[in-house]
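I opened this model to look up its confidence, its cores and one of its helices. My entries follow the structure.

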Amino acid sequence: MPDKKILLVDDDEDMLMLTSRWLAKAGYDVKCALSGQEALQMIGGGSFDLVLMDLSMPGMDGIETLRAIRSAEDTAAVPVMFLTGMDDDTAQADAGALNPAGYISKSGGKQKILDTLADYFA
């Protein structure tokens with residue numbers, strides 16, 4: 001597995017730590033953020049191969065965060081994939097207009113997340 005740098009963004013600290021461990025054990029270089037605001041601060045200073053972000057977060061949600069990423073010249077091309085527990089078609093349609101790299105359902109579990117990322121980076 002190549003060393004790919006992933007920014008993992010989730011307001012659920014338990015989910016963030018669990019997913020972070022899974023990704024690190026799979027060989028990814030993982031940095032974590034607990035909010036969209038924190039993610040924006042981190043993304044500007046680092047070159048990430050992917051931002052893996054929760055869609056539903058308090059304050060600045062995933063869609064708002066993706067809008068901000070796309071609107072800044074230095075981050076507009078950073079790929080963003082949503083890791084979400086939401087099955088809300090409207091939210092996914094809104095996010096889809098911003099061209100995310102994809103969606104992964106949290107309910108798919110560890111193997112689904114790792115398989116999706118392996119396919120994405122293949």
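These are my notes, in the order I looked things up.

**Confidence.** I am working with a predicted model. I looked up pLDDT before anything else. The protein averages 88, and 87% of the residues score at least 70. Which elements have the lowest and highest mean pLDDT? Helix H4, residues 89-96, has the lowest mean at 60. S1 has the highest at 97.

**Main core.** I then turned to the nonpolar cores. The largest holds 17 residues. I listed those with the most contacts inside it: Leu 7, Val 9, Ile 43, Val 51, Met 53, Leu 66 and Val 80. Five elements are named as each supplying at least two residues of this core: strand S1 (5-9), helix H2 (36-45), strand S3 (50-53), H3 and strand S4 (80-84). Helix H3 gives the largest share, 3 residues.

**Second core.** I also found a separate core of 16 residues. Leu 23, Val 30, Leu 50 and Leu 83 are among its members.

**Val 51.** What does Val 51 touch, leaving out residues up to four places away in sequence? I noted Leu 7, Val 9, Ile 43, Val 78, Pro 79, Val 80 and Met 81.

**Helix H3.** I went through residues 62-71 for burial. Gly 62, Ile 63, Thr 65, Leu 66 and Ile 69 are buried. They lie on the same side of H3, because they cover an arc of only 160° around the axis. I checked the N-terminal end as well. Asp 61 caps H3 there. One of its side-chain oxygens lies 3.1 Å from the backbone nitrogen of Ile 63.

Notes. Residues are numbered from 1 along each chain as its sequence is written. This is a predicted model: local features need pLDDT of at least 70, side-chain atom pairs count only at pLDDT 80 or more; totals for chains, interfaces and linings use all residues. Side-chain values use heavy atoms; hydrogens and water are left out. Buried means under 20% relative accessible area, exposed over 50%, partly exposed in between (1.4 Å probe, protein chains only). Helices (H or I, at least four residues) and strands (E, at least two) are DSSP runs, numbered from the N terminus. The arc is that of the directions from the helix axis to the C-beta atoms. A polar contact is a pair of N or O atoms within 3.5 Å; within protein, one must be able to donate a hydrogen and the other to accept it, and residues adjacent in sequence count only if both atoms are side-chain atoms. A nonpolar core is a set of buried Ala, Val, Leu, Ile, Met, Phe, Trp, Tyr and Cys residues joined through side-chain atoms within 4.5 Å. Contact means heavy atoms within 4.5 Å. pLDDT is the predictor's confidence in each residue, from 0 to 100.
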